[in-house]
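Let's take a friendly walk through a protein chain, from its sheet to its charged pairs. Please have the sequence and the structure at hand.

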Amino acid sequence: MNKVLIITYYWPPSGGAGVQRWLKFSKYLPGFGWDPVILTVDPLYASYPQQDHGLSEDISSSLEIIKTKSSTGFFSAYKLLTGRKEIPYGGFANEDNPGLAQKFSRFIRGNFVLPDARRGWNRFAFRAAVKAIKEKKIEYVITTSPPHSTQLTGLRLKRYLNIKWIADLRDPWTDIYYSGSMYQTCPAKKINRSMEKKVLNYADHLITTCNATHDLFRSKLDRNQPPGKITTVTNGYDPSDFKFGKIRPESFTITYLGTFAGNYDAEVLSQALDYFGAHNSVITDFIFIGKTDSKIEKVFRDKKMVNLRQIPYVEHKKAMEYLARSVALLLVVPEGKNVNEPIPGKLFEYLASKRKIIALGPKDGDVAEILEKTKGGRMFGKNDSELLGKYLISIYDDLRNGIFESNPEGIEEYTRQNLAGKIAEILNSF
């Protein structure tokens with residue numbers, strides 16, 4: 001069985017979608033003839049926004065894991081400077097109204113700590129990777145990001161050992177939607193773009209999680225790069241995460257799972273809830289699980305017919321049960337001039353939960369296409385408040401008639417096992 005070294009900063013006990021992607025792939029890759037070796041940061045030296053110890057249950061006892069130290073200087077300085085115990089979430093969702101100290105730390109991060117604040121792990125990761133590659137005679141390396149600094153380790157390994165290198169880029173790099181919040185100067189932007197370009201062109205193959213990011217990175221490649229260099233392998237779901245039996249919703253509950261950043265537009269849902277409330281006397285239980293921007297929270301807390309519940313980050317297994325106790329699930333896809341539409345990882349677990357999906361975002365993107373293909377929910381634009389209000393009414397009417405499952409079609413292609421097979425196909429192509 002061929003070995004493949006997977007270099008990932010995020011690994012249990014870290015929580016979040018980025019952890020689950022390669023945790024699940026490593027679980028199923030052996031079934032396709034590939035033996036993964038994980039290289040990650042030791043939790044004692046890691047900087048995780050969230051932790052989920054329950055994810056460790058998915059780690060096979062036979063899986064080899066190499067852990068290293070890391071420098072944590074930036075985050076230590078951030079906590080000292082700002083007086084905060086939490087490190088910044090993606091998109092700065094836990095910094096609603098940044099003060100002068102936070103703005104200054106963002107400026108330092110955006111201009112002097114490139115490409116990101118976790119690059120302190122790189123020198124440790126590189127040394128451990130070289131040792132593992134030589135001792136175990138590994139020819140294949142996969143680096144996954146964010147943090148995009150991890151890709152620089154892959155670049156260095158490619159140059160030093162000429163291994164076969166696959167770069168898995170789960171998010172845009174220089175075009176990430178919150179890049180404007182880091183006050184980058186022109187020289188810093190130029191350096192960051194140079195790093196990105198080298199990674200994209202030196203890697204033997206690139207993997208993205210959606211077509212929008214695929215097309216974005218394709219546009220940045222040199223002309224001499226092969227047309228099939230980039231493959232889209234979406235995130236997915238693991239059926240084993242839903243073995244808790246059939247659960248019937250006890251109330252008209254809408255749930256949002258994950259970080260709800262301040263730049264997400266929830267106005268159409270706010271208006272739709274008003275429409276729904278004007279036609280029904282029922283209270284809507286609205287649950288946010290994760291970090292929610294205070295401005296978004298206020299929008300829904302002030303509504304008379306909405307019972308807002310905010311639940312801090314919970315372990316993945318518990319989060320799946322919350323989905324099952326809901327009637328509908330909210331999905332928000334950021335859109336705008338400087339946003340490359342992603343596919344939120346939670347989409348596939350929403351589909352697997354068999355609850356109707358209320359999606360807010362562009363109607364011509366990847367998410368809208370998947371929802372239409374699977375019949376798992378509907379996408380609503382900024383001007384669709386009445387249409388969404390009527391959709392809420394139809395969902396409530398179904399609930400009163402005992403119907404609360406959506407039964408999406410063809411979602412088997414998004415199982416983590418099938419997607420691991422696609423990773424194996426890429427590895428086999430070398």
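Predicted model: local features only at pLDDT ≥ 70, side-chain atom pairs only at ≥ 80, totals over all residues.

Residues are numbered from 1 along each chain as its sequence is written, and side-chain values use heavy atoms, with hydrogens and water left out.

**The sheet**

Start with the strands. Helices (H or I, at least four residues) and strands (E, at least two) are DSSP runs, numbered from the N terminus. Two strands count as paired if DSSP finds at least two bridges between them. Seven strands make up an open sheet with parallel pairing, and their order is S3-S2-S1-S4-S5-S6-S7. At the edges sit strand S3 (64-68) and strand S7 (230-232), each of which pairs on one side only. From one strand to the next, the twist averages 20 degrees; here axes are lines fitted to C-alpha atoms, for helices over the stretch in contact, and angles run from 0 to 180 degrees between N-to-C directions.

For a look at one pairing, take strand S6 (residues 205-208), which is joined to S7 in the parallel sense over three bridges. Thr208 has Thr232 of S7 as its bridge partner. In general, strands of a sheet pair through backbone hydrogen bonds, either parallel or antiparallel.

**Salt bridges**

How many salt bridges does a search of the whole structure find? The search gives 24, where a salt bridge is a side-chain nitrogen of Lys or Arg within 4 Å of a carboxyl oxygen of Asp or Glu. Three of them are set out here.

| Pair | N to O distance |
|---|---|
| Asp168 and Arg21 | 3.0 Å |
| Lys24 and Asp238 | 3.1 Å |
| Lys164 and Glu139 | 3.9 Å |

The Asp168 and Arg21 salt bridge links distant parts of the chain, with Asp168 in strand S5 (residues 164-169) and Arg21 in helix H1 (residues 17-28), 147 residues apart. Asp168 is buried, at 0% relative accessibility, and Arg21 is buried at 0% as well. Buried here means under 20% relative accessible area, exposed over 50%, and partly exposed in between (1.4 Å probe, protein chains only).

Helix H1 also holds Lys24, whose salt bridge is with Asp238. Asp238 lies in the loop between S7 and strand S8 (253-257), 214 residues from Lys24. Both Lys24 and Asp238 are buried.

Lys164 and Glu139 also meet in a salt bridge. Lys164 is in strand S5, while Glu139 is in the loop between helix H4 (122-136) and strand S4 (140-145), 25 residues apart. Lys164 is partly exposed at 29% relative accessibility, and Glu139 is partly exposed at 44%. Elsewhere, salt bridges with shared partners join Lys24, Lys27, Asp58, Asp238 and Asp241 into one network.

Ser105 belongs to helix H3 (residues 100-112). Its relative accessible area is 6%, so Ser105 is buried. The C-alpha atoms of Ser105 and Asn428 are separated by 44 Å, and the two residues are 323 apart along the chain.

Thr292 sits in the loop between strand S9 (284-289) and helix H9 (294-301). With 8% relative accessibility, Thr292 is buried. Leaving aside residues up to four places away in sequence, Thr292 touches Phe260, Glu297 and Gln310, a contact being heavy atoms within 4.5 Å.
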